[in-house]
Amino acid sequence: MKDLRSHALGVLCMGVLVSTLQAAPLDADEEVMFVPGIARTTDSGAIEVDVHAWLHEKEPLLVAHRVLARYLDLDLKQLSPVERARFNRRAALFRTESEEDNVIELVIEGVNGRVALPPTARSGRSDDRLLLDAGVARGPEQVVRFRAYTALTDPRRFRGEARLVPAQGLSVISDIDDTIKHTDVRNQREMLLNTFVRRFTPVEGMASHYRALAAGPDTRFHYLSSSPIQLYPPLADFLASSGFPAGSVHLRESTTWRTLIPSEGESRTHKLAVIERLLADFPQRGFLLVGDSGEADPEIYGEIARAHPGQIRGIVIRDATREPRESTRYAKAFEGVDERLWHVIHERDAWPVSLSASMPASAPAR
């Protein structure tokens, strides 16, 4: 994840944030996708909002679907009509042209005027941290909402949001694949079918565990995955339809379908960077890390727990490899980590009692 620089355009006494750049509205063939971010209150009382935008232009050639299918070793002729339609929908954002050096302007709820994001990179991405007046509209859900500036004659609305995270409380950082969604990452053929062809299916019980944690008024969720940003739309639908609490989403940047499958090093780097950023942004919050044993989550979480022992309140690893808690792997991954902090759960296991909604944010779970 790229470092976000503070883009302080000015917080005026009347709550008016004026853009220093004037950009044209989006062209008819341009689209913006926003990935949910976080917002926080600064020491001065202003609201700092993370914005993650991707500007792209869809390619109309359906032949690109066949090229992608061939790259993934998927025979479209063997798919049912429903499966083929699902593949076409999920593959749509992999046949795009990212727009470089364009300025996206935002219209923010409760703020007069527009604010310009930095020019898009070669990847079409523009990530920024905006400083807004404390009176910006948030509503009862504590969410700052915005949209891309479009022409008055353009009926399209490209909307984004950032959820306010209190200085104190519990943050649940959750992996997605094989933690809350069945993906079978260790079997590449099954992973591709589960990602592009089949219906997304939730891991039994995880949504209810998360909803119980969400009962804490200052609990927030951050969904972390090495999946490419192009898969955000179906993943967002999955999280909502499966009953998972809303939260920020942190996906890997992938500028082309050729980088769809990350290397182990890319996945690790992405996850560590996201977690380190959240820990640095919220030094007074407690963090619960949830992942699975199919990839390197135990090793990553163990490294984080050793580096930040005062912030990690618990670690939950969903067993995807049939390794007992006493295994050599877990002993190495969690060496030096308080054994009361980390848990391995199996299919249909009860959630650790110590990790309840009332879990204290100031002391490790026991």
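**Contacts along the chain.** I looked up sequence separation first, and in this predicted model residues 24 or more positions apart account for 73% of the contacts with a separation of 6 or more, a contact being heavy atoms within 4.5 Å. I noted that residues are numbered from 1 along each chain as its sequence is written, and that side-chain values use heavy atoms, with hydrogens and water left out. The model being predicted, local features need pLDDT of at least 70 and side-chain atom pairs count only at pLDDT 80 or more, while totals for chains, interfaces and linings use all residues.

**Confidence.** I read a mean pLDDT of 87 for the chain, with 87% of its residues at 70 or more; pLDDT is the predictor's confidence in each residue, from 0 to 100. Over residues 1–21 the pLDDT is below 50, and that stretch has 58 contacts in the model beyond near neighbours in sequence. Residues 361–366 also have pLDDT below 50, with 13 contacts beyond near neighbours in sequence.

**Overall make-up.** I found eight helices and 16 strands in the chain, taken as DSSP runs numbered from the N terminus (helices H or I, at least four residues; strands E, at least two). Of the 366 residues, 54% are buried, where buried means under 20% relative accessible area, exposed over 50% and partly exposed in between, with a 1.4 Å probe and protein chains only. The chain exposes about 16,800 Å², of which carbon and sulfur atoms supply 51%; the areas come from the Shrake-Rupley method with a 1.4 Å probe, and for residues only the protein chains shown count as cover.

**Cores.** I looked for nonpolar cores, that is, sets of buried Ala, Val, Leu, Ile, Met, Phe, Trp, Tyr and Cys residues joined through side-chain atoms within 4.5 Å. The largest has 46 residues, and F87 and W351 have the most contacts inside it. Apart from it lies another core of 27 residues, among them L224, V274, L278 and I317. Leaving aside neighbours within four places in sequence, W351 is in contact with M206, H209, Y210, L213, L288, V290, V316 and I345.

M206, A207, H209, Y210 and L213 are the buried residues of α4 (residues 206–213). Down the axis of α4 they fall within an arc of 160°, so they line one face of the helix; the arc is that of the directions from the helix axis to the C-beta atoms. These buried residues pack against β11 (170–175), β12 (219–228), β14 (286–292) and β16 (342–345). In α2 (residues 81–91) I found R86, F87, R90 and A91 buried, and because their arc down the axis is within 125°, they too line one face. Exposed residues P81, V82 and R89 sit on the face of α2 turned away from its buried side.

E105 lies in strand β6 (residues 105–108) and is buried, with a relative accessible area of 3%. Its side chain is joined to that of R114 by a polar contact of 2.5 Å (a pair of N or O atoms within 3.5 Å; within protein, one must be able to donate a hydrogen and the other to accept it, and residues adjacent in sequence count only if both atoms are side-chain atoms). G110, in the loop between β6 and β7, is exposed at 59% relative accessibility. T120, in the loop between β7 (115–116) and β8 (125–132), is by contrast buried at 4%.
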